Amino acid sequence: MAEVLHEARLVVNGVQRTVRVPARRLLSDCLRHDLGLTGTHVGCEHGVCGACTVLVDGLPMRSCLLFAVSVDGAEVTTTEGCRAADGGLGPVQRAFMECHGLQCGFCTPGFVTTVTAWLRDHPDPTEEQARQAIGGNLCRCTGYQNIVASVLRAAELLKAEEPEGSGEPRGGAPVDQEGGP
Amino acid sequence: MTTRIFGEPIARREDPRLAGGDGRFLDDLGAGALAAAFVRSPHAHARVLDVDVGGALDVDGLVAVYTYEDLDGRVAEPLPLLIPHPSLHAPRTAYPLANGVVRHVGEPVAMVVASDRYVAEDAAGRIRVAYEPLPPVVGLEAARRAERTVHDDVPDNVAAHMVQEVGDARAAIEAAPHKLELRLEVERSASTPLEGKGVYARWDAADRSLRVYSSTQTSTSVRMALAAKLGVPVDRVEVVAPDVGGGFGVKIVHPWPEEVLVPWAAIRLGREVKWVEDRREHFVSSAHERGQRHQVRVGFDDDGRLLGLEVEFLHDNGAYTPYGIIVPIITSTQLLGPYKPGAYRVQFHSLYTNTVTVTPYRGAGRPQGVFAMERTMDAIAARLGRDRAEVREVNFIRPEEMPYDHGLLFQDGRPLVYDSGDYPASLAKLKKLVGWEEFEVVREQARAEGRRVGIGLACYVEGTGVGPYEGAHVRVETNGKVVVATGLTTQGQGHETVFAQVAAAELGVAVDDVTVVTGDTRRFKYAVGTFASRAAVMSGNAVALAARKVRAKALRIAGEALEADPGDLEVADGVVRVRGAPGTEIPLATVAVLSNPLRYAFDEQARRATQFAVGGGSDAPPVAEDDEPGLEAAGWYSPVRSTFANGVHAAVVETDPETAEVKVLRYCVVHDCGRLINPRIVEGQIHGGVAQGVGGALYERLVYDDSGQLLNASFMDFLMPYASEVPKVETDHLETPSPLNPLGIKGAGEAGVIPGAAVFAAAIGDAEGLWIDRMPISPSELWELRGRKGDG
Amino acid sequence: MKPPPFDYHRPTSVEEALAVLDDAGHDGKVLAGGQSLVPLLNMRLAAPAHLVDVNRLAELAYVRSDDHAVRVGALARHAEVEHDADAHAAVPLLRQALADLAHPAIRNRGTVVGSLVHADPAGELPAVLALLGGAIELAGVGARRTVPAAEFFLGPLETARRPAELATEAVFPRPPAGSGSAWREVARRHGDYALCGVGVLVTLDRDRRVAAARAACVSVGPTPVLVDLADAVGGRPHDAADWAAAGALAAAAVDPEDDIHATAAYRRHLAGVLTARAGRAAAEQAAGQAAGEGAGGG
């Protein structure tokens, strides 16, 4: 009575991955356990806390409310994909560090992806706009104040590195890589 | 010269890992482990007649199902009562799996182990449990009336009854020129960290050793509990707290049923087993806190000076008392705040209800006590027509009266003695920060615009750094790096950074050369845990003491090597130098090599060391009788009693005249936690605490219906605030160093949340001209209050 | 909180989807945005035997504005509709209401049609559809039908859609010329379901008097409550209308219940307050349009 497995091909952080998973496998679990990308965290599994937020075709979405098979063919960016090319902290992550925008770090991945996408469309935010940008993610540790500061700092860092890149996750031809359970 | 590091707001060492998505939280570990899930009671109170697992057995991927009948040895006994107390006359704890009866929705009845969590839940869903529902006890009222009982052998539902008094409060109140009586209530809330609990267990059959990872606030205590429960020798059990996604108190209780059962199953099955608590489970089977109902009687004079204070309260402890009565004891004692109560009498009854067990949540009973005291102060001010800050000032313990002995016993069983603090100065700073004196102008301006604003303030005193001890181990390695280990744990407080700062400052090394390990019993075995705003005080001082021993030893050895008096030596940037004699130096790394008489030249460091001669010569043993090899030492800090931090908060709110929505315009904090190791980290703790205070005052309430069903067991309906609900916090601080510990520090972890309910009740009441005696308050409730006042 | 197993279907055409839905009948559920369905599955409050994933049906991914209406295909995400300039110009109320719907991450995946079919009593979009007199296109094997809003919402989480049908399009008619709209809601937290939400549509005549005014209220009854405000403000100059009286009409018309977040009385009170506020704002918007048109813009 084993479950039927479906194949899903995803470009995750610029790398082509193929998984064979049950249809009910949530994208959050697929990323974390089938692809070993444990940076994305699961806080509620009903779409409210936002810790699981990843970018799907560039747009922030709750990976706990998506089935991996349903986003077959999509480009997914996780917090790991927001790192710098050398594997160090990317500008948004670095801003969080500089501004003490994280304490336990559990909610942070959802903020990083959300903020990365948001700053792409709002490169010059006011403080009020920055607070609105993070209004859909829960944090229990920081009280949000330093996260707001992190958004503003990230905007500065992104502007400073503009000539090289726009802060988009690295693209280029995806490298094929088999993955899965 | 080493740059100043203690007191610097340096960036955190843990952030490159955590911000980059490289954290190792519980569910990031154990990729190959089997998954556990639980069948939990859907009833608040019921007999368990039968557990039929038949339906689960043909679920593909099922490995095992366990019920109470399968438990053996000590695992079949009730979970431990962690903190007994003479007043806790009827303690009760749960069995890891229900033994014939369940007493709250969510209590575990059966455990399933399967290939993954999806399958485990499938199997759990097919287990048929036959219950005979029993009448549940829900709410303090019902518990008190005791028409029904939670435990058959506790006929009045009273787990504990405690009285503490100093002087004759009743007589003092009788004789007082003014008297007031207040009824107050704080509703149930919960810690709700973003990461739930989790346990991952690995049994090594060849070694007969057990390693358990748990998202806990006390790995050392979980280790002792597991060794006892599972019958594994202590030195064969290691417990590691990995990265933990928040605790706020809920992860201090131990062992949770799952902390016992998952390792137990791992041993039985000879397989790795992991359980990751989901959000619904967390709501119905982790702990709650805050629900209390108070009755206050106070007698005071024309200046508002307290002459007598009598407090009676009911505390809802839920279905069991694994953590004893710490929370209501803290309420009883911390209620006094920065004031002299005259005569004081406090009595509480801790009552059982058929709801989730109550154990500490950040603040741990202080918010309720502060609510009672601060509402009383506001009521006194209103009665006398006096300024609310002035009434408080009149009652302050003065700095010159420190240390101040209240004549009561604190949560640690030791005398409640405030060691230091300048309450008038704290209040003065807060008044300036929020513009207390000028507020009437703000109010008038708003009124002219048709807006309603109000201001409130609240003072608190917080006992921090409770004992009995913490320890730390510091070692300088032969490559010059410093390794620090302490047994307590971390859930976001930046311990890898602050303890590195302490060590670096004491030793004279770069903070980047120091690594810190916390919460790993393989690295440090004796500890109490992280809770009660104690970690910085306890382990911070232990690290300092250990580092001082290491420094002293380093100077002794360096003195021998350099043929100099240790008193003439200093350490900076990891090098020991003769003060004022440049060139006469030896790196700490080399000193570390020299500290070990066995020096195989494995590396460059060892080879270089051979140029130095140390030791007592050929007539003395290479390791002296009172010495040991290595440049390392353990240090222990054990305080005679807690050290008391304090603070004052103020809030300015605006209420919508039509919709009764509450908007927080300003939130100001003045806090005093002594010297600060890392001001930015302390400030972060304040921000987070304030957010929970806002949540607890305006949004968060756990609602049980009459049948004991938790109606809001999800983030959709349990309203933790988003950024849109939390104000920007303006902070200022004082530093009255603690005289009780070498570093002069006090705890700051809970400060932000403690006065939240009090401050908002005051501010909203001030805006509306209403008396608010129950928190949290929603717009709907505020509107109903207006209606009762005739102000719809 | 993992979902129970289901048979997964991913049709590549509407016809194929309809055939699968027909087979599955009561045991089938449509997966479009999933922002309402997947939480139910994760909580195991629903366990459909068949899940029909329609996210491949590219032909249903559209937002089209024409002279008559804004037509939203089943796969148009909330965010797409919210940001569509033509849709906003044609039916401003859509963006006004969508701004309060959950959070951007939910809006990036959830669909307008899905939200309408889910029919949460606190949902914004059913009120918008009802207020505008819109309709839902339903497709079944070999049959298509259009159900007007007034007949579509039957009860809490209950609509006229039959299990084997797929809602393919929502039609939001353009308001008449000289109209303005506004959405006002009170929620506990930003993005939460409304304790009460009100959309108001006001149409002014050439003299800038109120020719028509209607409100649709959510979270105050099992389905959106439509209230004709003409008795209170009809014929009045746009800036001298008694919106408080309009509010009173709405408060009298709604049928709210108590829940853990708010009392029925408070919700009723909010219906009145928010209708007045939204009405005033809608009238201002209508007048602004008229002024714009008068000045040669428009």
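1. Gly28(C) stands opposite His50(C) in strand β3 of chain C. Strand β2 (residues 28–31) of chain C and β3(C) are paired in the parallel sense over four bridges; two strands count as paired if DSSP finds at least two bridges between them. Strands (E, at least two residues) and helices (H or I, at least four) are DSSP runs, numbered from the N terminus. Strand β1 (residues 7–9) of chain C also pairs with β3(C) in the parallel sense, over three bridges, and His9(C) stands opposite Val52(C).

2. The model is predicted: local features need pLDDT of at least 70, side-chain atom pairs count only at pLDDT 80 or more, and totals for chains, interfaces and linings use all residues. Residues are numbered from 1 along each chain as its sequence is written, chains are lettered from A and ligands numbered from 1 in the order in which they are written, and side-chain values use heavy atoms, with hydrogens and water left out.

3. Are the residues of β3(C) buried or exposed? Strand β3 (residues 50–53) of chain C is covered on both faces, with His50(C) and Val52(C) buried on one side and Leu51(C) and Asp53(C) buried on the other. Buried means under 20% relative accessible area, exposed over 50%, and partly exposed in between (1.4 Å probe, protein chains only).

4. Strand β5 (residues 69–73) of chain C is mostly covered, four of its five residues being buried. A hairpin of three residues joins β4(C) to β5(C). Strand β4 (residues 63–65) of chain C pairs with β5(C) in the antiparallel sense over three bridges, and Val63(C) has Val72(C) as its bridge partner. β5(C) also runs antiparallel to strand β10 (residues 166–173) of chain C, joined by five bridges; there Ala69(C) is partnered by Pro173(C).

5. Chain C also has an open sheet of four strands in the order β11-β12-β13-β14, with antiparallel pairing. β11 (179–187) and β14 (225–228) of chain C stand at the edges with a single partner strand each, so one side of each has no neighbour in the sheet. The twist from one strand to the next averages 15°. Angles run from 0 to 180 degrees between N-to-C directions, and axes are lines fitted to C-alpha atoms, for helices over the stretch in contact. Strand β13 (residues 210–218) of chain C is joined to β14(C) by four bridges, and Ala216(C) stands opposite Leu226(C).

6. Which helices lie on this sheet? Helix α8 (residues 124–132) of chain C touches β11, β12 (194–204), β13 and β14 of chain C, and its direction makes about 155° with that of β13(C). Helix α11 (residues 243–253) of chain C lies across β12, β13 and β14 of chain C and runs at about 140° to β14(C).

7. In chain B, six strands form an open sheet in the order β7-β15-β14-β13-β8-β29, with mixed pairing. Its edge strands are β7 (158–166) and β29 (774–775) of chain B, each of which pairs on one side only. Strand β8 (residues 178–186) of chain B and strand β13 (residues 292–300) of chain B run antiparallel, joined by nine bridges; Leu180(B) has Val298(B) as its bridge partner.

8. Two helices of chain B, α13 (residues 495–507) and α14 (residues 535–562), pack at an angle of about 30° with their axes 9 Å apart.

9. The secondary structure of chain A comes to five helices and six strands, and 65% of its 181 residues count as buried. From the N terminus on, the elements of chain A run β-β-α-β-β-β-α-α-α-α-β.

10. How much area is buried between chain A and chain B? The value is about 4300 Å², with carbon and sulfur atoms giving 55%. Buried area is the accessible area (1.4 Å probe) that two parts lose on being put together, summed over both. In this interface 51 residues of chain A contact 56 residues of chain B. His100(A), Arg140(A) and Gln145(A) supply 19% of the area that chain A buries against chain B, more than any other three residues.

11. Between chain A and chain C about 2100 Å² is buried, of which carbon and sulfur atoms give 57%. Here 25 residues of chain A are in contact with 27 residues of chain C. Arg24(A), Leu65(A) and Phe67(A) supply 28% of the area that chain A buries against chain C, more than any other three residues.

Terms used:
Contact means heavy atoms within 4.5 Å.
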